[in-house]
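Please keep the sequence and the model in view while reading.

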Amino acid sequence: MSEWASAHPRQQYPHVAMSLRWVRTTNRADTVHVVAQRAEARTQGAAAVDAARRCWRNTAQRRGLAIAAVLLAVSCGTGAAADADAERHGAGAPDADPDASRHASPLAPVPVGATQDADLLQTVQSRGVLNCGVYGAAVAFSETQPDGSTTGFDADYCRALAIVMLGDADAVRFVPLTSAERFTALQTGLIDVLVRNTTWTQSRDGDLGFDFAPVTFYDGQQLMGRVSDGFTAASTVADIAGARVCATAGTTTEKNIADAADAAGVEIKLATYEDLDITTDSFVNGTCDLMTTDGSGLVGRKARQQGDQQWVIFPSAPFSKEPLAPVYVRNQSTFGDIVNWTIYATIIFDEKGITSRNVDDLLGAGELDAEAVRLLGGEGELQTKMGVAADAFYEVVRQVGNYDEIYARNLAPVGLQRAGTPNARWTQGGLIYAPPAR
C-alpha cells in the first residue's frame, strides 16, 4: 500500500456542493430559451434566474447545438449575493487569510476565455489547489465517503496530478459532477481537469474543444439483467427484444444501446435518468428490466448493490469501445503535458517494477536504468523543463503508487482484473503503454 493510502485512509477532502443551475437551451433567431433543470443554489428567486441568464450570455459559446448550462450568480460572482458573500468573508481585506486561495470555493470559475488562453498551470499553482472533476458515485473509480473524503482509481489520479503540480497530494478539491454537468464545468473553468470515467470520442475531442490525456482504463458497454428474468452470461443483445432498458442521460450509452438493438434487429424501450444512482435504483426496484453502462460500472454496482437479487452481466464481449481518459481544455500544452506524463510515469514505473514500497531501495542500490533515473528526478531529468519539481514523479510513485498499484488498490477488490483484458501491460497482451521518457 502506498504511503498516502496507509497514512491517510480517511483524509478529509471537501465535498463540494454544486451551486449550478443546469439548463437546456435552443438557439432560434438569436434567442436563447432557458429552462431550469437542476439546482442546489445558495441564491434563489427571480434575481438568481436573471443573474444566471446574464452569466449564460457572457460565458456560453453559442453554436448550432447550444451548450446546455449556465452558472448562477453564486458561481459567476454577480449581483448582491456575491457582494454580500464577499463582505461576509472579508474578501480583499488587509487581514484576509493569506492561504485563502487554498480554501476558496471553486464556484468562482475562471471565464472560458481565460481558461483557454491563460496559462492554466500557473493559475493552479497560484491558487494552491487543483479543482478536479469526478463522479463521486462511481464504485471503485470515485466515491464520496460519509466522512467527505473521495476514494477510487480516478481520485488517486487527481491526487497524483496535485502532487506533480503543487507538491501535495492533499491539494486537490474534488468536484462531483453528473454526466450532464461535466463538460460545461470544464469549459467554464469550474474545474481544471476532468477525471471522471469519460469516453474519448471524436466529437468530444473536436467539436467540444477538449483534449484527452492517455487512456487510463479501456472499457466497453454491456447490459445487466436478472437471472430470474431468464438472462444468463451467454445472453446477447438479440435476447432483449421488448425490454425496458435504463441508461444514464448525456452519455455515450444512449446511442450505443440504440445502435446495438438496431443492429440486432430488436426493438427496446429506452428510459434515461440523470445519473447512474437513479439508473441503478430504477433497475433495482423493477422499473426497468435491464440497465446498461460501461462494463466497469456494472461490475461495481453488482458488487455493491446486488443484495438478494441475482444479477448477470452480458454479452461477454462488450458492444462498444469506451476508452476512458482524463480531459482538459484545448490550447493548454504545458498543463496537458503534465497531465499526460503523470499518467505515463505511473505506467512506466509499472513496466519497470518500481513501486511505492521499493522505490527508495532501488534508488539507493543504483539498480535503475537511465530512463527510470530521469523520471525519478536524477541525471537528465526533464520535469523541470515542464515547470514542475525534478522529483515530482518520484513523489507520485512514493505516495500514490504506479499504475498497477492504483489499479489493484481500487479496481481489483470489486472484481475488475487486468489479466487478459486491454488494461494489461502491453508486454502481457494489453494496451497499457507509454512512450519513452527521454
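Q221 has D294 in β17 as its bridge partner. The model is a predicted one, in which local features need pLDDT of at least 70 and side-chain atom pairs count only at pLDDT 80 or more, while totals for chains, interfaces and linings use all residues. Residues are numbered from 1 along each chain as its sequence is written, and side-chain values use heavy atoms, with hydrogens and water left out. Helices (H or I, at least four residues) and strands (E, at least two) are DSSP runs, numbered from the N terminus. Two strands are said to pair if DSSP finds at least two bridges between them.

Strand β14 (residues 221-226) pairs with strand β17 (residues 290-294) in the antiparallel sense, over four bridges. Both belong to an open sheet of five strands, in the order β16-β15-β17-β14-β18, with mixed pairing. At the edges stand β16 (269-273) and β18 (311-314), each with a single partner strand, so one side of each has no neighbour in the sheet. On average, neighbouring strands of this sheet are turned by 30° against each other, direction ignored.

## Helices on the sheet

Contact here means heavy atoms within 4.5 Å. Axes are lines fitted to C-alpha atoms, for helices over the stretch in contact, and angles run from 0 to 180 degrees between N-to-C directions. Helix α11 (residues 252-264) lies across β14, β15 (244-248), β16 and β17, and runs at about 75° to β14. Helix α13 (residues 295-305) also packs on the sheet, where it touches β14, β17 and β18. The direction of α13 makes about 125° with that of β17.

N256 is buried because its relative accessible area is 18%. Leaving aside neighbours within four places in sequence, N256 is in contact with Q221, F319, S320 and E322.

## Helices α8 and α14

Two packed helices are described by the angle between their axes and the distance between the axes. The axes of α8 and α14 come within 10 Å and cross at roughly 120°. The crossing of α8 past α14 is right-handed; a crossing is right-handed if the near helix is turned clockwise from the far one by less than a right angle, and left-handed if anticlockwise.

On the α8 side, Y157, A160, L161, V164 and M165 take part, and they meet F335, I338, V339, T342, I343 and T346 in α14. These residues divide into nine nonpolar, two polar and no charged. In this count, Ala, Val, Leu, Ile, Met, Phe, Trp, Tyr, Cys and Pro are nonpolar, Asp, Glu, Lys and Arg are charged, and the others, Gly among them, are polar.

## Helix α18 and its surroundings

Which residues of helix α18 (residues 403-410) are buried? They are Y403, E405, I406, Y407 and N410. The buried residues of α18 pack against α8 (153-166), β13 (217-219) and α14 (333-352).

N402 caps the N-terminal end of α18, with a side-chain oxygen 3.0 Å from the backbone nitrogen of D404. D156 lies in helix α8 and counts as buried because its relative accessibility is 2%. The side chains of D156 and R409 are joined by a polar contact of 2.7 Å. A polar contact is a pair of N or O atoms within 3.5 Å; within protein, one must be able to donate a hydrogen and the other to accept it, and residues adjacent in sequence count only if both atoms are side-chain atoms.

D205 is found in helix α10 (residues 202-206) and is partly exposed, at 25% relative accessible area. D205 and R330 are 125 residues apart in sequence, yet their C-alpha atoms are 9.0 Å apart in space. Not counting residues up to four places away in sequence, D205 touches W200, F210, D211, F212 and R330.

N331 lies in the loop between β20 (327-329) and α14. Phi of N331 is near 65°, a positive value in a residue other than glycine, and N331 counts as exposed at 58% relative accessibility. The peptide bond from F314 to P315 is cis, with omega near -10°. P315 is placed in the loop between β18 and β19 (322-324).

Notes:
Buried < 20%, exposed > 50% of the residue type's maximum accessible area, 1.4 Å probe, protein only.
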